[in-house]
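This report describes a protein structure for a reader who is new to the subject. Please keep the sequence and the model in view while reading.

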Amino acid sequence: MRSLIFARRNALEILRDPLTLVFGLGFPLVILGLLTLIQAHIPVSLFELPTLTPGITVFGLAFMALFSSQLVAKDRGSAFLQRLYTTPLTAWEYVLGYVIPLLPIALLQSLVCCLAAMAMGLAPTFRILLLVLGNTPAALFFISLGLALGSVLNEKQVGGVCGALLTNLTAWLSGVWFDLNLIGGGFKAVCECLPFFRAVQLGQKLLSGADGVALPLGIVCLYAAAAFAAAAVLFFRQMKK
Amino acid sequence: MNAIETHGLTRRFGNLTAVDGLDLNVREGELLALLGVNGAGKTTTVRMLATLLSPTSGDAEILGHSLVKEAQAIKRLIAISPQDSAVAPNLTVWENLRLMADLHGLEPQRKAETMEQMIERFRLQEVLRRRAGQLSGGWQRRLSIAMALVCEPKILFLDEPTLGLDVIARRELWGLIEAWKGKTTILLTTHLMQEAEALSDRVAVMKSGRLLQVGTPKELMDMSGSASLEDAFLSLIGEEAQ
C-alpha cells in the first residue's frame, strides 16, 4: 500500500514535467513521421510501418530510463529521499514505488505510437495490442536501468548517459534505422545478444503474427530481470550510504 | 524522562572520526540545539539519530528503542527536516503534506485534522495549490518543517533549518519553531549563536566530533564568564573572542 502512495507521487512528478511530453511522446512521434515520409520517397522498403512501428515504440521506451533515472537522481540530490528514509517505507517499497507508475506510462506511450502509425497507414488489427503488451518486459528493462543509473549518478550525469548515450545505443543497435543484415558479422552477432534488437524483433513478430516469439521474449525478459536486480542492489546500497 | 540517550555514539568515515564517543541526553519535550563550527559532527549526529546513517560503534536509545537494533520502530516516532528543503517539486503544497501523512499511515480523520493544523500553524493557505518547486526558499523551509510535523512525530530533527534564508524569513521560521516548543522533542543543529539562544532550552557544544559542554545558554555563559553565548562558545572551543 505504501509503495502505491509513493508511486502516485512519482507518477505526478513525471507527468507534470513538460519534458516528459516533449521527449517521451513528441520525439518518437516526430521520428515515426519523418521515417514514414522518407519511405514514401525511396524505392526500397526500409521504413515500412509494420516493421518501423515496433522499432519506434522500443526507441520511445528508452526515454523511460531517462525519466526514472532523473527522478531518482533528483530525489537524492534534493535530500527528498533522506526525508523519506526516516518514514516507515521499506527498501522494496521504494523500488516498487519508482517502477510501478512508469510501467503504465511506458505502455501508454507505445499505444500512442501505434495509434499515430495507424493514422499514417498501419493496418488496424488486434495484434497492435499484443505489440503494446509485448513491450512490458522491455519497458521494465529500461525503467530498471534508469533506476540503477539514478542510484549511482547525479542528475547531470544521468541526463548524458540516459538522454544521449542510451537512446542512441537503442536506436543504432536495435535494427530500426537499418537492417542488421546489411552489416552482418560481429556487429550483427553482438546486436542479437542485446535486448534492443530483441525487443524490436519481438514487437515485429507479435505485430505480424510470425513464429519464433519465444527466443526474443526470453532474452528481453532475462535482461529485464537482470536490470531490475541491479536496480534493487544499487538502490539498497545508496540507501545505506 | 529522556527522549534521546546516546551511549558512546561514534561514526567514522575511513580515517576521519566525524562523531567521537558521544554521550548526550535530550529530555522529552525540550528543544536542544547542537552548536558547532562546520565539521563539528552535528549533521552526522542527527543523521545517525534519524536512522539515516549507522553508527560505527556505540548506540542510542530513542524513546526506549535501540538505534542499532530497532531502527524500523524508531522511524514511526521521528521526522526530519533536512538541510536542503527536501520537498517534492512538482507536487503542490497540499499534496506534499498529504504524501507525508499517507506514508505514516494516518487515519483519514486524523490526517485531515493534522493537515489542517499544519496549514494554519505554518500559514500555508495562500500557497496551498502552488507547486512546491515554485516557492521561495523561505516558503519551502516552512513547508519542509510542516511536512515533518504532519506525521505527528515524538521527536523532530531540524538540520540547520534557517540555512540560506534572509533575516525576515529566518525570524518568521524562528517564530514558528518557538510556537511548537514543548509539544515535540526537537533536536536542532545550527552554527548561528543567535538561533541557538533564541530557540533552545539547552545547548550542546560540539567540536571535532566530541561533545564539549551541555547547558542552558545562561549556564554556558556563566561557566565561561562570558557576556554572550557567542563568547561562551568561542571560549569553549578554544578560540579568542574578538
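## Terms and conventions

A residue is called buried when its relative accessible area is under 20%, exposed when that area is over 50%, and partly exposed in between (1.4 Å probe, protein chains only). The areas themselves come from the Shrake-Rupley method with a 1.4 Å probe, and for residues only the protein chains shown count as cover.

The model is predicted, and local features need pLDDT of at least 70, side-chain atom pairs count only at pLDDT 80 or more, while totals for chains, interfaces and linings use all residues. Residues are numbered from 1 along each chain as its sequence is written, chains are lettered from A and ligands numbered from 1 in the order in which they are written, and side-chain values use heavy atoms, with hydrogens and water left out.

## Overall form of chain A

Chain A contains eleven helices and zero strands. Helices (H or I, at least four residues) and strands (E, at least two) are DSSP runs, numbered from the N terminus. The radius of gyration of chain A is 18 Å, close to the 18 Å that the globule rule gives for 241 residues, so chain A is as compact as a globular protein of that length. This radius is taken over C-alpha atoms, and the globule rule is 2.2 Å times the number of residues to the power 0.38. The C-alpha trace of chain A spans about 60 × 35 × 30 Å along its principal axes.

Of the 241 residues in chain A, 51% count as buried. The accessible surface of the chain comes to about 10,100 Å², and carbon and sulfur atoms account for 73% of this surface. Contact means heavy atoms within 4.5 Å. Among contacts in chain A between residues at least 6 apart in sequence, 78% join residues at least 24 apart.

A salt bridge is a side-chain nitrogen of Lys or Arg within 4 Å of a carboxyl oxygen of Asp or Glu. The structure holds 17 of them over all chains.

Which residues pair with A:Arg9 in salt bridges? One partner is A:Glu13, with the closest N and O atoms 3.5 Å apart. Both A:Arg9 and A:Glu13 belong to helix H1 (residues 2–15) of chain A, where they are four residues apart, about one turn of the helix. Another partner is A:Asp75, with the closest N and O atoms 2.8 Å apart. This pair links distant parts of the chain, since A:Asp75 lies in helix H3 (residues 49–77) and A:Arg9 in helix H1, 66 residues apart. A:Arg9 is buried because its relative accessibility is 2%. A:Glu13 is buried at 5%, and A:Asp75 is buried at 2%.

## Salt bridges involving chain B

In chain B, B:Arg142 forms a salt bridge with B:Glu172, and the closest N and O atoms are 2.4 Å apart. The two residues link distant parts of the chain: B:Arg142 is in helix H5 (residues 137–149) and B:Glu172 in helix H6 (residues 167–180), 30 residues apart. B:Arg142 is buried, with a relative accessible area of 6%, whereas B:Glu172 counts as partly exposed at 36%. Salt bridges that share partners also join A:Arg8, B:Asp102 and B:Lys111 into one network.

## Two loop residues of chain B

B:Ser226 lies in the loop between helix H8 (217–224) and helix H9 (229–236) of chain B. Is B:Ser226 buried or exposed? B:Ser226 is buried, because its relative accessible area is 17%. Its side chain makes a polar contact with the side chain of B:Ser224 at 2.8 Å. A polar contact is a pair of N or O atoms within 3.5 Å; within protein, one must be able to donate a hydrogen and the other to accept it, and residues adjacent in sequence count only if both atoms are side-chain atoms. Apart from neighbours within four places in sequence, B:Ser226 is in contact with B:Met221, B:Asp231, B:Ala232 and B:Ser235.

B:Thr216 is placed in the loop between strand S11 (210–215) and H8 of chain B. B:Thr216 is partly exposed, with a relative accessible area of 25%. Leaving aside neighbours within four places in sequence, B:Thr216 is in contact with B:Asp201 and B:Arg202. The C-alpha atoms of B:Thr216 and B:Leu32 are separated by 9.1 Å, and these residues are 184 residues apart along the chain.
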